[in-house]
Amino acid sequence: MNPFSSGTRLRDMIRAIRACKTAAEERAVVRKECAAIRAAISENDQDYRHRNLAKLMFIHMLGYPTHFGQMECLKLIASADFPEKRIGYLGLMLLLDERQEVLMLVTNSLKQDLNHSNQFIVGLALCALGNICSAEMARDLAPEVERLLQSRDPNIKKKAALCSIRIIRKVPDLAENFMGPAAGLLKEKHHGVLIAGVQLCTDLCKASTEALQYLRKNCTDGSIRILRDVSNSPYAPEYDISGITDPFLHIRVLKLMRMLGQGDADASEYMNDILAQVATKTESNKNAGNAILYECVETIMGIEATSGLRVLAINILGRFLSNRDNNIRYVALNMLMKAFTVDPQAVQRHRSTILECVKDSDASIRKRALELVYLLVNETNVQPLTKELIDYLEVSEQEFKEDLTAKICSIIEKYSPDKLWYIDQMLKVLSEAGNYVKDDVWHALIVVVSNASDLQGYTVRSLYRALQSSPEQESLVRVAVWCIGEYGEMLVNNVGVLDGEGPITVTESDAVDVVEAALRHHSSDITTRAMSLISLLKLSSRFPPTTERIREIITHEKSSLLLELQQRSIEFHAIIQKHQNIKSSLLERMPVLDESTYVRKKVGSSDAAFSADKTGQRVSSGTPVSIPNGVAKQQAAPLVDLLDLSSDDVPVASSSATDFLNDLLGVDLPSQSSSGVVSTGTTDLLMDLLSIGTSPAQNDLLSPDNHTSSVATSGKIPSVSSPPSVKGVALETKSPHASGPSPVLDLLDGLSDMSFSAENPTFPSITAFQSNSLKITFTFTKQPGKPQVTQIKASFTNMSSNTYTDFLFQAAVPKFVQLHLDPASSNILPASGNGSITQTLSVTNTQLGQKALAMRIRIAYKVNNQDMLEQGQVNNFPQGL
Amino acid sequence: MIRFILLQNRQGKTRLAKYYVPLEESEKHKVEYEVHRLVVNRDPKFTNFVEFRTHKVIYRRYAGLFFSLCVDITDNELAYLECIHLFVEILDHFFSNVCELDLVFNFHKVYLILDEFILAGELQETSKRAIIERMGELEKQE
């Protein structure tokens, strides 16, 4: 019985589904059908199995789940009937794919069907195998397919050839088995077999070099002959497409010739004639002809063709480019990209046409053309090309602006002939599409401006003008605000006027106006506002008469809901109110930013650590880290905050006065450490300076990032010493702990130690920790005049028979205790008590006499590269510590 | 290589979907939705090629039906465009003046024709007549 003859229920179901007016109705119908099919499946109904499966396929196409029908496919495939098998295989291809386990069950049926006497059944099996075979099936069934390649039936042959393609794509190792039969297929006359054979050869070339060499030797002549025959063949109605015989075969064989001729002068030599013939004789008024020409050009570009042939190919592309059909123009642009590596000059000739394509209304064409223009730019044509692109930026569609802006910026950065041109172009881009400019691009601009002292006046005036017309472009606003803050007096006093620059009169209050507008503008984000705030602070020093007004603006921001802005406003307000004497040196112009550092940073900007210590890195560019000296202790906190404000990687002021100590000592701190320096405040810095060589971790000594206890860590594990985030830092600076005096005292202690070593009280040593494998003893010393401070010498002994490596001791103390760990004497602990590690801890008990010392400890080490961890609590400290 | 073939109407209903690369069901639905969105509103004057993820969709519209082929980025776009047309001609011949309803009610036959035309993501037969004859022979087997 034919399941699809009219009146059967498949048709009815489709009708019922089509009659549904709403999605809910459709779901109801489908649910009902699925229920019926499930019931039939569970009853193992055989009569309607194929019809049910056909229905399931339709339901599947509508997007409903149909996995419960998968086993039905296998049952149908196993049946002896052709119609049932046919539906079974169809279902197999639609409802399953190569990843399903069920598919393994079908391998045996496939094997039987591949060996079936009925050629139609063999065809079905080949088709299914070709469409869904997995690597395992490919291995299992490759011999059958290989045998079928020798079949006399062309229908089997072509299917077997395509099936082989799938097999070698899944298992490239099998390529060698197929080279011989594949080469044989090229001698066939049947177009279907030929096209499948040619494709098989092409895939073999990709899959294995051995096959490539074999086919180059045995098939180069064959492929040339196929191309010659098909292109010279008289009118063949069966294969004719708009006057050309079988363009598909043309294209496949041209592709194969490209594989064979690539990098092989001899094979290419043979191909020259026929390629020239195809390139000149093919009609180009229909799509089919153009498809052949396109493939032919690609082959000419791909092989070692003669220069004459290459000129011919480039000319075809030129013709394509001026074609009115968008499809043809698209492929021309695509191919010119490839041609550029072969003959850049020839491609350059079409520059103006390509540039027009950038402005096409079709996004596909624009995208290709833009890629191509980007390739075409060089030192000589960068100026006119950039002008064209920027002009177009004004009128381009919104969704294209991002791509276009990125490319223009990249071109400007790469090829700018001088700084003035660079700045001019960047300002144009910022004014047109500032919202699409990436952060690193405008950061780079600021670095350049900072380095071009003769152009700073011009730049700040241009920015001021641009800001009047495009106040909505975020990154323009940022750059402008920064420059006005830095070079405000050049704006007002017209310093460094260039030839041809229009006159402009800006008063001090005008300058403050624009920055205030940026601060208040509704579209400004927190970064822009923060930058505006700094800029205002700087202007208060540049333009003393406006100080009062700026103070008011800043006062207003003190009530900002954004914590960052609020905090800065309070700090800046304090600077203006209370620290007039140091304000001018604090707000001096930024030191010149070092371009090479910036470039390096840009390269490494993908590092994860980058976001954490932006500030430190940025400040360290140009001048070494600005470390406030001890004298400037009071002012240092706001300064540190100033540096912190650059939460979005903005270069900010650093007081040059504070650099000298650093310069003097010539300390070259690693950037990680420098960020720690910035974070924890003045006293630490001093300590850090003097204790060069200790690990950066100790900078965290005073940063109370733990609510219950302050944790100190020593050792050389970098992860422990990672600096806190910028935000966290800002808060810490405020906290009273940060100004704790202990490190300074420690330092002084070191000095006083020598003179007052006599009257030390003594304490008994204790065993602080003991386990089967590890023993820790503490010995105590007190320093005279400092009853709160105890030096603990910890000594670690390994009781086991294995050496410990990467030994790390950590300790935590209650809040009222401050702890300082010196580096350990070693991180390797020999086995069986054969030596020990010592480490000095300095403990300050701020509530001496009221509360006793307590400590929680943790020891991490490796035994035979296995991580081990031990922890414990030390409660047996002697009285009086 | 052809990664998948989609036949969708203007409302985005899938009339035929053939995948030559394995994809999750959910991914297939997503792909069908995205491809429809890409092609349905394009200006007829625009190219028939749209870049889709890391591949390219070659599509052609016949009345209310969109035929879309997803192919490798390096494949010959013009050839696949011609390929779509050949497929449509075959359908037209087979159903004598094909319309969307033919494809809905005889979806399984459309799949069978496709299996004679394209296999393993590659072109199998370029002769319209050969495919129609083959279909006739297969019908006779039933």
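How many helices and strands are there in chain B? I looked that up before anything else, keeping in mind that this is a predicted model. I found five helices and seven strands in chain B. Reading from the N terminus, I noted the order as β-β-α-β-β-β-α-α-α-β-β-α.

Next, burial and contacts in chain B. Chain B has 142 residues, and 46% of them count as buried. I also checked contacts in chain B with a separation of 6 or more: 44% of those are between residues 24 or more positions apart.

Then the interface. I counted 38 residues of chain B in contact with 52 residues of chain A. On the chain B side, the elements giving two or more residues are strands β2 (14–19), β3 (49–52) and β7 (122–123), plus helices α2 (77–94), α3 (100–105), α4 (107–117) and α5 (128–141). Sorted by class, that side has 18 nonpolar, 10 polar and 10 charged residues.

Last, a helix pair in chain A. I picked α4 (residues 70–78) and α5 (residues 82–95) of chain A, which pack at an angle of about 145° with axes 7 Å apart. Their crossing is left-handed. From α4(A), the contact uses A:Gln70, A:Cys73, A:Leu76 and A:Ile77. From α5(A), I wrote down A:Glu84, A:Lys85, A:Ile87, A:Gly88, A:Tyr89, A:Gly91, A:Leu92 and A:Leu95. By class, the contact of α4(A) with α5(A) comes to seven nonpolar, three polar and two charged residues.

Terms used
Residues are numbered from 1 along each chain as its sequence is written. Chains are lettered from A and ligands numbered from 1 in the order in which they are written. This is a predicted model: local features need pLDDT of at least 70, side-chain atom pairs count only at pLDDT 80 or more; totals for chains, interfaces and linings use all residues. Two residues are in contact if their C-beta atoms, placed from the backbone, lie within 7 Å. Helices (H or I, at least four residues) and strands (E, at least two) are DSSP runs, numbered from the N terminus. Ala, Val, Leu, Ile, Met, Phe, Trp, Tyr, Cys and Pro count as nonpolar, Asp, Glu, Lys and Arg as charged, and the others, Gly among them, as polar. Axes are lines fitted to C-alpha atoms, for helices over the stretch in contact, and angles run from 0 to 180 degrees between N-to-C directions. A crossing is left-handed if the near helix is turned anticlockwise from the far one by less than a right angle, and right-handed if clockwise. A residue is buried if 20 or more other C-beta atoms lie within 10 Å of its own, exposed if 12 or fewer, and partly exposed in between; C-beta atoms are placed from the backbone.
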